[in-house]
Amino acid sequence: MMKDTREHNWRGYLFVAPATVYLALFAFLPMVLAGYMSLHRWHLLKDEHPFIGLGNYAKMFADPFFRNAIYNTFVYVVFSVPLGVVAALAVAMLVARPLRGVGVFRTLFFIPAVSSQVALSMVWIWILLPEVGLINGAMKWLGLDGSTNFLAEPGWAMAALVAMSLWIGLGPRMIIFLAGIQSIPEQLYEAAALDGCTGWQRFRHVTLPLLAPTTLFVVVTTTIAAFQLFTPVYVMTRGGPRRTTDVVLYHIYKEAWQKFDVGMASAMSYVLLAMILVVALVQFRIMRRGLSEAGAAA
Amino acid sequence: MTDVVINPVRTRVGSSHWNGGAPVAKSLGRHGARPLHNTTNGRFLCGSRGFLATWVARRFSGGGHEWTVDSCPPRLKPWATRSLGPFGCSQRPRWALAVLLLVVFVGACGEETAQPEIVLRVANWSGAQVESSFVKLERTFREEFEAAHPGVSVRIEQIPGHGQYAPKLLMMHVAGSMPDVIQLDASSGAVFIDNGVLRDMVPFIEADAGFELDDYFENVIDIARRGDALYTIPLDFTPMMMYYNKKLFDEAGVAYPRPGWSWDDFLETAKKLTVFPEGARGPTQYGMYFENVMPFWVLWLWTNGGDVLDPTGKRAGGYFDGPKSIEAVQFLVDLMTKYRVVPHPRESAAAGVDLFRSGQAAMDVKGHWMMIDYQADGIDFGVVALPTNGVERATVVYYSGLSITTKARHPQLAWEYIKFMTSADVQVRRVASGLAISGNKAAAAHFAGTPVEDAFLAEVPYARPPWGAVVERYPFIEELGREMMEDILYSGGALSVEDALRQTTKLIDAALAEQ
C-alpha cells in the first residue's frame, strides 16, 4: 500500500511539473526580479543599478500624472465592471432559453473573446468615427447630430472605452453565467411557479441567489482584467485626449519603453498588483457576507 | 544496438504517401531507434523511438523530400553511442517517455546538417505598408546575396510596428538573442547607439577597399556619428516637405507655392484655400491638414528659429519655452482656432482618415513615403520647401539605415550584407516604389529629373537630424509634446500657449535630468 501511494505521489508531481515549472519560470521568478528591480534605479541597458530603496515609489506618488492614471483606472473599473457583469448576466439569461438557433447567438456573442484586441480596437475606431462611423452614422440617419468625435473628446473617450469593454469581455462572462444558470435545478422554478412567483420574482429569488458564487467569480475576474486595461488605450487613444484615458498599465509601458526606466516600471507594476489585491479582497469579503446571508435566508 | 540496419526502406514522405499507409511509420514503429536520412538535402534525423522520428518526418513532409530509413553515420549519432541507454530499456518505459517528452519539448531532437550553414539574421520592420511587391523585392535581394555567398543563408526577421520594434530589439539585446544586422529608424536611434548595442563601423570601412563613404549623403551619414565612430549606413531617407494638391490650388485660382515662401505667404495661401460655407459649422475644405504628431509639427519651431532642446540636447529650458518656440506654437494654434484654416483635432476625423488624401485639405507636411499613397489615390500633387519666418530654410531628415550589433555572431558577414544592401545597384531597385530617397548618392541621382524628386533633393542640404537620433528619451519628449498640444487645443483658450510650453519644458527637463 505504502509503495502504491508513493508511486501515486511521484506520478502526481510529474503531472503538475510542467505547469509548476512554467509558473515558476515565467510568473514567480519575474515577480521576484521585478520586486528587486523596483528598489533600484534600473535603466534597461546600463550596467549600474544603484539601490534607492523606496525612491521609485516615493517619486511615482509625487507625480500628478501617475495619480491621474490611478484615478482614470478606478473610473474605468467602477463603470466597466458593474455594467459588464450586468450585461453578461442579461445576455446569459437570454441565451439560456432553449430557443431554436440559440447556439448561433452564443457563438456570435463569444467571437470577440477569441479575436485579437488590436483588431477589435480597429473595428471600434471605425464604429466611433464621426460622420461615417456606425454610431454617428446611425444618429445622423435618425436626424440627430452625428459629428461627435468620441475618441477625441475628453468627456467621451473613457465612456467609449467602457462601452467597448462591455462587448469585448461579454463572451467569457456570459459562458460562465450560462453554466451557472443551467446548473440551477428545474424543480426550484417549478416550486416558485406554484407559489405564484412572476418571472421577475423567479429571477430575483431563485436565479440570483443561486448564482451568487458564479457572480463572485465573474466580478473578481472582470475587475482584475479591468485594472489591466492596455491594448485599446494603446491602439485607440494613447492615453488622450488630455490624459483622460491614461491608465496605470499604459503609464508602466511608457516608463519602460519610452524612458527605459524598468526600475520605475516594476515599482508601478507592484502598485498595480497591490491595488488589484486590495480590491479583490474587499470584493471577496463583501460578497462572502452576501453569500452566507443568502444561505441563511434559504 | 542501433547500428544494425533492419529492413532499410526507401520511402517518399510526400503528402500522397504519407497520408495513406505511412510505410515509414510502420517500419519505424517496429524496430525502435531508426534515424531518418533525407537523401534530398543530406540531413540526418537521429531520433530515438519510432514515433519521434516519425514526428520529425511529419514536420518535414511538406517539402517533397526523399527519406530513407538508415543508420546514422557514427559522427552524427551522439545519442546511440553515449548515455542513451534508457531509450532502449524496455523495462523502464516511463523513463523513456519522460525523457522523450523532455527532448521533444526542448526541441533538441538531433537535426544534424551534413554541411553547416551560416545563418545571418537581419531584423527590419515589416514592409506591409508598402504592398507586397516590396516584400518580394526584398526576397530577391536576399537571394542575390545568398547566391554570392555560398553556404550563407539570410534570415529576415520582420518585427511589425514602430511602437514595438525598438522595445523588442532591446529585449533581444538584453537576452542575448540579437540579430546580426538591424534596420534602424534614426528617430529612435540614440538608445541603441549610446548603450553599446551597435558596433562602430569605421574598422569595417577602413578594411574594405571596395567601399567609399563618400558615395553616401554626408549629412545623413553624420546623424549616426559619435566622435570618430559611425554606427549606421543609411538605406534611405526623406526630408519633410509641404505637399500641395494642385487641383485644389487650380480651383481656387491660387499660384503654387515656391521655395523661399514665408509664413505670411503660407497663411494667405491657406486662407484662400479654405472653404467655409455661410452658415456651416466648420470649413468643408481646409488650407492645411494637421496631425498632432510632434515629429510632424516640430518643424514649425525650427522654421521660426526656435527649438525643443539646447544644441547639446541636455535641456529644454530657454529653448522650448523660449520666445521663438512660443511664437511658433501660437501660430500653429491660431491656424486652428483663430484663422480656422487648419482642422482642430476635434474637427478632423479620428485615426485613419487623412483630410489631405480625401481632398478636403490643400496642403500637408509629410515625407517622401506618402507619395506612394497619394499616387495610388490619384492626387495630382506638388512639393515645396517649408515656409519660414525670417530664418534660413530648415527641415528634418528622417531616415532608416543598417547597423551591426555588438552581439552579432557574424560581424564581417553582416558588413558584407550592409555593403550589398546600400550599394547603388540594390538601392535603385529598392527605392523605385517612391518609398524614400536613397542614401546612396548615385542611386538617388538615378531618380532625379522630375519636379517632385528635384524639390526633395534640393532640401537635403537644409535637413537636420531629428533629436531622437541624439537624445535617448526623445520618444518620451515627443509624447509630452503631443499631450501638450492636446491640452492647449482642448482647453478652449483657458490654457495659454506660453503657460503650456513652460509646464512642458519643466517636465522635459525633469525627464532629461534623471537620465
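**Chat notes**

Author: Start with His344(B), in the loop between helix H15 (323–337) and strand E14 (361–366) of chain B. Keep in mind that this is a predicted model.

Reader: Is His344(B) buried or exposed?

Author: His344(B) is buried, at a relative accessible area of 6%. Its C-alpha atom is 9.5 Å from that of Asn292(B), 52 residues away along the chain.

Reader: Switching to charges. How many salt bridges over all chains?

Author: The search finds 27.

Reader: What does Lys46(A) pair with?

Author: Glu472(B), with the closest N and O atoms 3.8 Å apart. Lys46(A) sits in the loop between H1 and H2 of chain A, and Glu472(B) in the loop between E18 and H21 of chain B, so this pair joins two chains. Lys46(A) is partly exposed at 31%, while Glu472(B) is buried at 8%.

Reader: And in helix H21 of chain B, how far apart are Glu479(B) and Arg482(B)?

Author: Three residues, about one helical turn. They form a salt bridge at 3.2 Å between the closest N and O atoms. Both are buried.

Reader: Now helix H2 of chain A. Which residues are buried there?

Author: Asn56(A), Tyr57(A) and Met60(A). They span an arc of only 100 degrees around the axis, so they lie on the same side of H2(A).

Reader: What's exposed on the face turned away?

Author: Ala58(A) and Ala62(A).

Reader: Last one. Which residues make the negative surface patch?

Author: Glu212(B), Asp214(B), Asp215(B) and Glu218(B). Glu212(B) is in the loop between H10 and H11 of chain B, partly exposed at 44%.

Key: Residues numbered from 1 in each chain as written. Chains lettered and ligands numbered in written order. Predicted model: local features only at pLDDT ≥ 70, side-chain atom pairs only at ≥ 80, totals over all residues. Heavy atoms only, no water. Buried < 20%, exposed > 50% of the residue type's maximum accessible area, 1.4 Å probe, protein only. Helix = DSSP H or I, 4+ residues; strand = E, 2+ residues; numbered from the N terminus. Arc of directions from axis to C-beta. Patch = residues over 30% accessible without salt bridge, like charges linked within 9 Å, V, L, I, M, F, W, Y side chains within 5 Å. Areas by Shrake-Rupley, 256 points an atom, 1.4 Å probe, with all protein chains shown as cover. Salt bridge = Lys/Arg side-chain N within 4 Å of Asp/Glu carboxyl O. Lys, Arg positive; Asp, Glu negative; His and termini not counted. Charge placed at Lys NZ, Arg CZ, Asp CG, Glu CD.
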